[in-house]
Amino acid sequence: SADKTVRVWDTATGQQLGEALEGHENAVNSVAFSPDGTKIVSGSADKTVRVWDTATGQQLGEALQGHEDGVNSVAFSPDGTKIVSGSADKTVRMWDTATGQQLGEALQGHKKVVHSIAYSPDSTKIVSGSWDKTVRVWDTATGQQLGEALQGHKEVVHSTAFSPDSTKIVSGSGDKTVRVWDTATGQQLGEALQGHEQAVNSVAFSPDGTKIVSGSWDRTVRVWDTATGQQLGEALQGHEQAVNSVAFSPDGTKIVSGSWDRTVRVWDTATGQQLGEALQGHEQAVNSVAFSPDGTKIVSGSWDRT
């Protein structure tokens, strides 16, 4: 969150679990659970990546340092042994979860801020989206860029994600569109998904790959059919300011969203209805949200430094 904190919530009750995770010295831009749910990783404008114990809320080891500018996006590898981060320093970096050491050289190629990164479910690739309007795919073993940059967006790329089978990439951009790409060829699949009235800040595939969710500056969350590119149902409305982050629950039945309005909201995927009250506690904008692997917890990161 913008309040510099990371917070963990009970999905069922909407209650905050334990104290806020404090340690970052600037806005927390990105959060993610480890695959086994025991750890949380956070990336901050303070240039550091930090790892936390989910159960105790304690920071594990020292901050991961190496980025020369703010960290915008973080993710665990599917086996949890590595962390990947993308930064305003234009680089992507990989880290050893256990030791906190950087693995190999920084992945370089983007010409502007790296705003989003994701690990492929098959562990072989990393995707990154940048203010240079491109999406790039990297080999996790060698750190080399695979093929040419994926080009088509007319504005900043805010968010990227892999499909569950790693064959597709979805991206969301300041050009108000969502695009789907073939991982192997780098070709755009079908037309751009259009409907948002302002920049798309966050995109994600459903666990079965049949749906895409997107969150936008237009304050809405939208769900799309991956195969047809059509919007499914009405836009999910309730947030009073821009939606910064969206994610599906592990079983695909729920969507979580985090917003500039300082709240986290949970939605029913099938009906589009908000479930319960908004989760409130952050003192500033919520930049990132994610479900725990078992679906029982939600983690959020804010400009409030938690």
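User: What do the numbers and values rest on?
Analyst: This is a predicted model in which local features need pLDDT of at least 70 and side-chain atom pairs count only at pLDDT 80 or more, while totals for chains, interfaces and linings use all residues. Residues are numbered from 1 along each chain as its sequence is written, and side-chain values use heavy atoms, with hydrogens and water left out.

User: Why is the contact of Arg7 with Asp304 called a salt bridge?
Analyst: The term requires a side-chain nitrogen of Lys or Arg within 4 Å of a carboxyl oxygen of Asp or Glu; the closest N and O atoms of Arg7 and Asp304 are 3.4 Å apart, so the pair meets the definition. The two residues lie in distant parts of the chain, Arg7 in strand β2 (residues 6-10) and Asp304 in strand β22 (residues 297-304), 297 residues apart. Salt bridges that share partners also join Asp3, Arg7 and Asp304 into one network.

User: How do you know whether Arg7 is buried or exposed?
Analyst: Buried means under 20% relative accessible area, exposed over 50%, and partly exposed in between, with a 1.4 Å probe and protein chains only. Arg7 has 9% relative accessibility and therefore counts as buried, and Asp304, at 4%, counts as buried too.

User: What makes Arg93 and Asp89 a salt bridge, and are they buried or exposed?
Analyst: Their side chains meet at 3.5 Å, N to O, and because the limit is 4 Å the pair qualifies. Arg93 is buried, with a relative accessible area of 9%, and Asp89, at 15%, counts as buried as well.

User: Why do β12 and β14 count as edge strands?
Analyst: The open sheet of 3 strands has the order β12-β13-β14, with antiparallel pairing. β12 (157-162) and β14 (178-182) each have a single partner strand, so one side of each is left without a neighbour in the sheet.

User: What makes up the lining of the second largest pocket, by class?
Analyst: The lining has 6 nonpolar, 7 polar and 2 charged residues, where Asp, Glu, Lys and Arg count as charged and Gly is among the polar ones. Of its 15 lining residues, Glu62, Leu64, Thr99, Gly100 and Gln101 lie nearest the centre.

Key. Pairing = 2+ DSSP bridges. Helix = DSSP H or I, 4+ residues; strand = E, 2+ residues; numbered from the N terminus. 1 Å grid on protein atoms, 1.4 Å probe; cavity = no way out; pocket = protein on both sides within 12 Å on 5 of 7 lines; lining within 4 Å.
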